[in-house]
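Colleague: Can you put the model up? I have a few things to ask about it.

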Amino acid sequence: MPCSENIQFLRKRKGLTQEQFAEALGVTRQSVSKWESGQSYPEMEKLLQMCDLFGCDLETLVRGCADAAASEDDADYEPFMNAFSRAIAGGVALILLGVTLLVALGGAGPVGDRIMMMVLLGLVTIAVLLFVLYGTRLENFRREHPRVGALYSAAECRRANAAFTTRLCAGIGAILLGVIACVGVAEFAGPTWGTAIAERCAGTAALIGITIGVPLIVYAGLQKSKYDTEAYNRSSRPQTGGEPLAERISGAIMLCATAIFLACGFIWNLWHPAWAVFPIGGILCAVVETLLGKDAGRRENGAGKEENGT
């Protein structure tokens with residue numbers, strides 16, 4: 001590819017208009033237009049600035065094929081998104097696991113309850129660190145890879161949709177089975193085991209289903225969104241509206257907070273102190289929105305520029 005075509009391809013792949021690109025290099029839009037049309041050639045200083053901006057080497061920019069090099073970069077997308085899906089779903093699972101352990105093994109006295117509460121807080125801490133770590137990595141990945149190509153065929157997308165349906169049904173089924181087990185234990189085991197033991201076992205059964213089902217649903221949604229590369233590309237440029245990924249993670253956090261609140265209330269009648277999980281959940285949601293959200297005004301302005309630019 002000629003240098004002019006490489007410049008145009010890399011600029012568009014970066015999601016920049018000619019005005020934005022010119023501003024980043026400290027030149028006029030007319031200069032950029034001449035470079036991309038082949039009417040003039042950039043100075044060496046500007047070429048080096050482009051290499052830094054696009055994250056490519058000088059050989060690729062001047063005499064190579066930027067399109068082929070970009071295809072090699074796209075190979076990073078699949079493993080990263082898989083790791084991201086596992087990390088977020090794993091964080092949700094850790095929080096729910098902590099609640100399940102607290103309900104199942106708590107009640108052994110003040111010391112035992114404190115130990116289980118410390119276990120819960122430890123698992124929540126690990127989960128929060130996972131959210132922060134992979135939220136930051138996702139933002140960095142988007143900056144380094146603002147555009148990806150059409151990585152998946154129609155057949156692969158169909159298989160992904162089928163896998164999503166299977167995982168979604170499995171997650172919902174696990175939750176419903178947990179609810180059924182909860183009702184069954186409370187109804188039939190109460191007279192034999194005693195009310196207190198039956199209630200604890202019933203709550204544990206419900207939470208086991210939730211602990212299995214909710215992370216599976218979260219993982220299914222993240223894996224499905226991975227195949228929507230057009231949505232990924234749109235998220236890399238300014239746009240109006242909320243951030244679907246941030247909304248999904250925030251929803252999962254508040255679901256976990258609700259599960260903790262209900263468990264503490266129904267099992268130990270700790271309705272009053274348990275309300276604290278909701279402001280904690282709100283803080284975690286704010287962290288997620290800060291890491292993954294976009295400023296709506298910046299999106300709208302950027303989108304307008306991109307439509308007006310070439």
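Colleague: What does the secondary structure come to?

Modeller: The protein has 15 helices and 0 strands. Helices (H or I, at least four residues) and strands (E, at least two) are DSSP runs, numbered from the N terminus. This is a predicted model, where local features need pLDDT of at least 70, side-chain atom pairs count only at pLDDT 80 or more, and totals for chains, interfaces and linings use all residues. Residues are numbered from 1 along each chain as its sequence is written, and side-chain values use heavy atoms, with hydrogens and water left out.

Colleague: What is the mean pLDDT of the protein?

Modeller: The mean is 76, and 70% of the residues reach 70 or more. pLDDT is the predictor's confidence in each residue, from 0 to 100.

Colleague: Where is confidence lowest, and where highest?

Modeller: Confidence is lowest in helix α15 (residues 296-308), with a mean of 42, and highest in helix α3 (residues 29-37), with 89.

Colleague: Which contacts does the model have for residues 294-310?

Modeller: pLDDT stays under 50 there, and the model has 29 contacts beyond four places in sequence for residues 294-310. Contact means heavy atoms within 4.5 Å. Residues 238-243 also stay under 50, with 18 such contacts.

Colleague: How much of the protein is buried?

Modeller: Of its 310 residues, 40% count as buried. Buried means under 20% relative accessible area, exposed over 50%, and partly exposed in between (1.4 Å probe, protein chains only).

Colleague: Take helix α2. Which residues are buried there?

Modeller: In α2 (residues 18-25) they are Q18, F21, A22 and L25. Seen down the axis of α2, these buried residues fall within an arc of 100°, so they line one face of the helix. The arc is that of the directions from the helix axis to the C-beta atoms.

Colleague: Why would that spacing give one face?

Modeller: An α-helix has 3.6 residues a turn, so residues three or four places apart point the same way.

Colleague: What comes just after α2?

Modeller: G26, which takes a positive phi of about 75°.

Colleague: Now S4. Buried or exposed?

Modeller: S4 counts as buried because its relative accessibility is 16%. S4 lies in helix α1 (residues 3-14). Leaving out residues up to four places away in sequence, S4 touches W35, E36 and G38.

Colleague: How many disulfides?

Modeller: The count comes to 0, a disulfide being a pair of cysteine sulfur atoms within 2.5 Å. As for individual cysteines, C157 is partly exposed at 25% relative accessible area, and C182 counts as partly exposed at 22%.
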